[in-house]
Amino acid sequence: MEFLVILIPFLFAVLLGRIMIPFILLVSYKKRLFDPINSRKLHQRVIPRLGGVAFAPIQFCIFVTSLVVIFKLNIVQLNVDSWAFLPTLMMLLCGLMILFIVGIGDDLVGVDYKWKFLTQVLVASFFPLSGLWINDLYGLIFITSLSPWVGMPLTIFVIVLIINAINLMDGLDGLCAGLVGVGCIFLGSLFVYYGAWVHALFAFITAGVLFPFFYFNVFGTYKRKRQIFMGDTGSMTLGYSMAFLAISFAMNNHYIKPFSEGAIVVAFSTLIVPILDVARVMSVRYRLGKPIFKPDRNHLHHKFLRAGMSHRKAMISILLLALSFCVFNMIMVQLINNNIVVLMDVILWILFHYVFNAIERKNTKRLHKLNIANQ
């Protein structure tokens, strides 16, 4: 019976997403609400970018409705104390709505990055205020419990980092939706394993709404007016959702789930690829003397494309890379120390880029020789 609590809302999320996205496409084409074309964009044709408008309302409505039905009809015993998680859930929904409104404004008319950043800090502060914050590092850098004076600001920083990391990965068809979908299914399954049904419910609802969007984003054809982007509305609300799930899993709180020694490493395994990619890009910009917040074409998906991969192969490769980190970390935290696992992650990431940079340089030289030969 518990699995139906997850399965039915998941299917409703898929169904509502399938209904809403064609409607958003229709409105976008009628009102000509398209993603702007510039030198930084990989696409060179007009495509709507309001697909993310479908995410937060579906998450909100199905999640709240499911909780009301579960509690009112007493369908299943969730074994949770409502006072321990209701403040966090209410603040989660408030944060999603604020990011949803700001995201729509940005996608339609543009919002200055400073205001978006301030909004992100505001909604990030909702979680510590409601009692959800990183209170234990589980031995990472030889630190265990954290005081609120350290843990709460750290949580706000991590949430803003995750929101922006997910946003910056939205540069390739299916990539952002795929990464968040993999993360939600991975963390949702772990929440199910630990009996944290409320958090699992939110994770699978979020994954459910991404299924139809992924189809339209990746397989939708421009000529039939079926392709759509998620825009900042989608990437910011998805980043906030992932931050909620990751921090909930990482927090040492028996009201959410039982204690697990590798919780913090496993929780953020789903975000290793976007977070490390942002760190790499920022460091490269700083080293070259460029503004660290100025957009460029040095992200992971750009490197895959320059190495000669097609858009779809690049997207699938990055999703497999993210899934590999998840599985690797989940296994290794049971065998060795958390610090060693994180160190191995960083070493693997550096080795991966070292090898891939060599492939990219080789492909660039090959293309250069072909251009010379054609001239």
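This note goes through the predicted model point by point, from the overall fold to single residues.

1. **Ground rules.** This is a predicted model, in which local features need pLDDT of at least 70, side-chain atom pairs count only at pLDDT 80 or more, and totals for chains, interfaces and linings use all residues. Residues are numbered from 1 along each chain as its sequence is written, and side-chain values use heavy atoms, with hydrogens and water left out.

2. **Overall fold.** The chain has 13 helices and 0 strands. Helices (H or I, at least four residues) and strands (E, at least two) are DSSP runs, numbered from the N terminus. Read along the sequence, the pattern is α-α-α-α-α-α-α-α-α-α-α-α-α.

3. **Burial and surface.** The chain has 375 residues, and 52% of them count as buried. Buried means under 20% relative accessible area, exposed means over 50%, and partly exposed lies in between (1.4 Å probe, protein chains only). The chain exposes about 18,100 Å². Carbon and sulfur atoms supply 69% of that area. Accessible areas come from the Shrake-Rupley method with a 1.4 Å probe; for residues, only the protein chains shown count as cover.

4. **Contacts along the chain.** Contact here means heavy atoms within 4.5 Å.

5. **A nonpolar patch.** Which residues make the nonpolar surface patch of about 710 Å²? They are Leu-4, Leu-7, Ile-8, Leu-11, Phe-12, Leu-15, Leu-16 and Ile-19. Patches are made of residues with over 30% relative accessible area and no salt bridge; like charges are joined within 9 Å, and nonpolar side chains (Val, Leu, Ile, Met, Phe, Trp, Tyr) within 5 Å. Take Leu-7 as one of the members. Leu-7 lies in helix 1, residues 2–31. Leu-7 is partly exposed, because its relative accessible area is 42%.

6. **Salt bridges.** How many salt bridges does the structure hold? The count is 3. A salt bridge is a side-chain nitrogen of Lys or Arg within 4 Å of a carboxyl oxygen of Asp or Glu. Side chains of opposite charge can pair when their charged atoms come close.

7. **The linked network.** Asp-106, Lys-116 and Asp-232 are linked in a network of salt bridges. Asp-106 pairs with Lys-116, with the closest N and O atoms 3.1 Å apart. That pair links distant parts of the chain: Asp-106 is in helix 3 and Lys-116 is in helix 4, 10 residues apart. Both Asp-106 and Lys-116 are buried. Asp-232 and Lys-116 also meet in a salt bridge, at 2.8 Å from N to O. This pair links distant parts too: Asp-232 in helix 8 and Lys-116 in helix 4, 116 residues apart.

8. **A closer look at Asp-232.** Asp-232 sits in helix 8, residues 231–250. Asp-232 counts as buried because its relative accessible area is 15%. Leaving aside neighbours within four places in sequence, Asp-232 is in contact with Gly-103, Asp-106, Asp-107, Lys-116 and Asn-167.

9. Asp-277 forms a salt bridge with Arg-280, and their closest N and O atoms are 2.8 Å apart. Both residues lie in helix 10 (residues 272–287), 3 residues apart, about one turn of the helix. Asp-277 is buried, at 0% relative accessibility. Arg-280 is buried as well, at 14%.

10. **Asn-329.** Is Asn-329 buried or exposed? Asn-329 is buried, because its relative accessibility is 0%. Asn-329 belongs to helix 12, residues 311–332. Its side chain makes a polar contact of 2.9 Å with the side chain of Asp-345. A polar contact is a pair of N or O atoms within 3.5 Å; within protein, one must be able to donate a hydrogen and the other to accept it, and residues adjacent in sequence count only if both atoms are side-chain atoms. Beyond neighbours within four places in sequence, Asn-329 is in contact with Val-265, Val-266, Ser-269, Ile-272, Val-341 and Asp-345.

11. **A loop residue.** Val-109 is found in the loop between helix 3 (82–108) and helix 4 (113–130). Val-109 counts as exposed, at 73% relative accessibility.

12. **Cysteines.** The count of disulfides is 0, a disulfide being a pair of cysteine sulfur atoms within 2.5 Å. Cys-94 is partly exposed at 40%, and Cys-184 is buried at 0%.
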